Amino acid sequence: MTGIADQAWFRDPALGRILALLNADHGGGAEGGEARVVGGAVRNSLMGLPVSDIDIATTLRPEAVMERAAAAGVKAVPTGLQHGTVTLVIDGKPFEVTTLRTDVETDGRHAKVAFSTDWKADAERRDLTINALYADAEGEVVDLVGGLADIEARNIRFIGDAATRIAEDHLRILRFFRFFAYYGSRRPDAEGLKACAAARSKLKTLSAERVWSELRKLLGAADPGRALLWMRQVAVLTEILPESERWGIDAIPSLVATEKALGWAPDPLLRLAAIVPPDAARLEALAARLKLSNAEAATLKAWAITAPVNDEMTSAAFERLLYRNGADGITMRLKLALGVARRKAESDLDEMARTARLGKLLDQAITWKKPQFPVNGADVIAAGTPSGPRVGEVLAELENQWVEENFASDREALLARLRQLVQ
């Protein structure tokens, strides 16, 4: 038997209390119920990876879960009753508890479900074998779909017929590649790959929010390179990100290597920038199509409109560039350029020197704090300029002089210069 009883998260008293509450009277007739931990917590434990969220499946209906919680003084939040989900909170820790289900009707986007007490049917309605493993109250793993063998082989495989699983929810195409990026090895499962390729046009029927959420998670993997390569091979990447078609994903390996070498955290937006062209108009359309957040869209735009940085510029000139353009776009430019330069530096001494210069500029950009221009429009008016467009013109001229001298003048010196400008 395979078990996870020795895992620290499984020995958490809060989880133990939840399982004891839901397993009370297990096997004792109509009122009895059983609960098991399911999904990511079990999968990650078996793979030696950190566990975050702990989800629980139960044969109890949601109203019975809430009744037991109320009787035990446990906070219960009806987070998704129509889908059988109740969140139980103990010591500030949330545990999602979902009643076993079977699919009554699916259309590729939504599912109509019926509650069940059949563990095998519940497992078989899930997407991937590695996500359909349960652990009972003693920590013994229950495998009803062959997930243990796939975890051992790091094989990402749909449960049952791959095409059927995808027809139930088209987002599973992207989940297949996302889980391959995080947990897979060698090449993707052939049947799954074929089914994803055949159904790729169905991705257009999904909401932009779901597509971008899944793509963002994929791009946040430690190394999404192999998954992106296979997505490109079967035209799934082109389906959701046509901007990448002519640009390619060649920059990803060197970027990932640079991230690991320099200790950068994986940045989905930086990885996205590595596989799309720096074209502001196209990226604006991309941001609208995928419904990126305002901050994400602004960062991509800043990167697109920022010219490549001359790595031989002086520190003072670079500070002026930062002031006029902001640090976000420039930082992305430097990181991407540094990834390319580090790869070339393996066989090119000039690129080795360029790598050092880029790294120095990047350090400056990351630690840079924008200086505060010490003069404002009220000062211009007080100096004798009538309200109107001329106020902005004078202020811009004065600010430009201040920047060109590398922010050396203080407020008093600038006010003296202002009086000369408006005479």
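**View 1. The largest pocket in this predicted model holds about 1400 Å³ of space.** Zoom in on the centre and you'll meet Asp-55, Arg-101, Arg-126, Asp-127 and Arg-175, the closest to that point of the 44 residues that line the pocket.

View 2. Sort the lining by type and you get 19 charged residues, 14 nonpolar and eleven polar.

**View 3. The second largest pocket comes in at about 330 Å³.** Its lining has 19 residues, and Trp-303, Arg-333, Leu-336, Ala-337 and Val-340 are the closest to the centre. Helix H17 (327-344) gives the largest share, seven residues. H12, H13 and helix H18 (349-367) are also on the list of elements that supply at least two residues each.

**View 4. Pro-266 sits in the loop between helix H12 (251-262) and helix H13 (268-275).** Pro-266 counts as partly exposed because its relative accessibility is 41%, which falls between the 20% and 50% cut-offs. Skip the neighbours within four places in sequence, and Pro-266 is in contact with Gly-220, Ala-221, Ala-222, Glu-259 and Arg-271. For a sense of scale, Ala-341 is 75 residues away from Pro-266 in sequence and 19 Å away in space, C-alpha to C-alpha.

Note on methods. Residues numbered from 1 in each chain as written. Predicted model: local features only at pLDDT ≥ 70, side-chain atom pairs only at ≥ 80, totals over all residues. Heavy atoms only, no water. Helix = DSSP H or I, 4+ residues; strand = E, 2+ residues; numbered from the N terminus. Buried < 20%, exposed > 50% of the residue type's maximum accessible area, 1.4 Å probe, protein only. Contact = heavy atoms within 4.5 Å. 1 Å grid on protein atoms, 1.4 Å probe; cavity = no way out; pocket = protein on both sides within 12 Å on 5 of 7 lines; lining within 4 Å. Points joined across faces, edges and corners; volume = space filled by probe spheres on them. Nonpolar A, V, L, I, M, F, W, Y, C, P; charged D, E, K, R; others polar.
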